[in-house]
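Please keep the structure in view while reading.

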Amino acid sequence: MPRVRCTLRVVVLLAATAAGACAAPASHLCRAPPEQPAEVIYVVSHGWHAGLVLPSRTAALAHWPLVSNTRLEEQVEVGWGERDYYMTSDPGWWLAVEAVLVPNESVLHLVWLNAPVEESFPGSEILEIRLSATGMERLSRYIGDSFARNEHGQGIDLGAGLYGDSRFYLSREHYHAFNTCNVWVARALQDAGCPISPVFAFTVNDLMRRVRPFATQVQAPGAR
């Protein structure tokens, strides 16, 4: 069964009572004033989950526990999800069910990008958000807080990622029916001060629908 079909059915059925578990949206700090330079990020739909694309400057990655926060690549995509399911190239239906039935370890997926985001993800819906400096600071801190750390305070590298120049890192958070990959992205944006609630943002369609009102669509689904 495809990832999207299996995951979405299970999540929607099991998560119907989760609404009361999420906090109200934070104050709206994300939008950069029109007259000021913006910190531009993107939300990219991958069909079954979404990733966040940030500029790979030290300021954006300031709170991430990487060996070096200085890279030549222009941008970095961040995804989050259940460890076994995310790191398996062809997960079966049981891994999808297990991922939401019980709390499991999770991972962060970092992909370093040189090409423009539209070239890196042809066919994916891409939404652009113009963050204020405060919004970027909060987003960087939220992502950094998700990393598990070793005794030296560095992230725990779990090996090569799914595509391109990418790596998996252990997260300190746990994946379960009420904390899915798309809920995680919604919560990251909420923490940055965006006008979004993670309540019922379980599927990528739910997430993207909630982001569109305060974002600009730079690429429609299926565009090439």
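Axes here are lines fitted to C-alpha atoms, for helices over the stretch in contact, and angles run from 0 to 180 degrees between N-to-C directions. Helices (H or I, at least four residues) and strands (E, at least two) are DSSP runs, numbered from the N terminus. The model is predicted, with local features needing pLDDT of at least 70 and side-chain atom pairs counting only at pLDDT 80 or more, while totals for chains, interfaces and linings use all residues. Residues are numbered from 1 along each chain as its sequence is written, and side-chain values use heavy atoms, with hydrogens and water left out.

| Pair | Angle between axes | Distance between axes |
|---|---|---|
| α6 (residues 181–191) and α7 (residues 204–211) | about 20 degrees | 9 Å |
| α5 (residues 133–146) and α6 | about 140 degrees | 8 Å |

Angles under 35 degrees count as roughly parallel, over 145 as roughly antiparallel, 65 to 115 as roughly perpendicular and the rest as oblique. Helix α5 is therefore oblique to α6, whereas α6 and α7 are roughly parallel to each other.

In the contact (heavy atoms within 4.5 Å) between α6 and α7, Asn182, Val185, Ala186 and Leu189 come from α6, and Val204, Leu207 and Val211 from α7. In α5, Arg138, Leu139, Tyr142, Ile143 and Ser146 meet Trp184, Arg187, Ala188 and Asp191 of α6.

A pocket is an open set of points on a 1 Å grid over the protein atoms alone, where a 1.4 Å probe fits, with protein on both sides within 12 Å along at least five of seven lines; lining residues have an atom within 4 Å of a point. The largest pocket holds about 150 Å³ of space, a volume being the space filled by probe spheres set on the points. Its lining includes Pro65, Arg71, Trp112, Asp157 and Tyr169, and the strands β4 (104–113) and β7 (165–175) each supply at least two of the lining residues.
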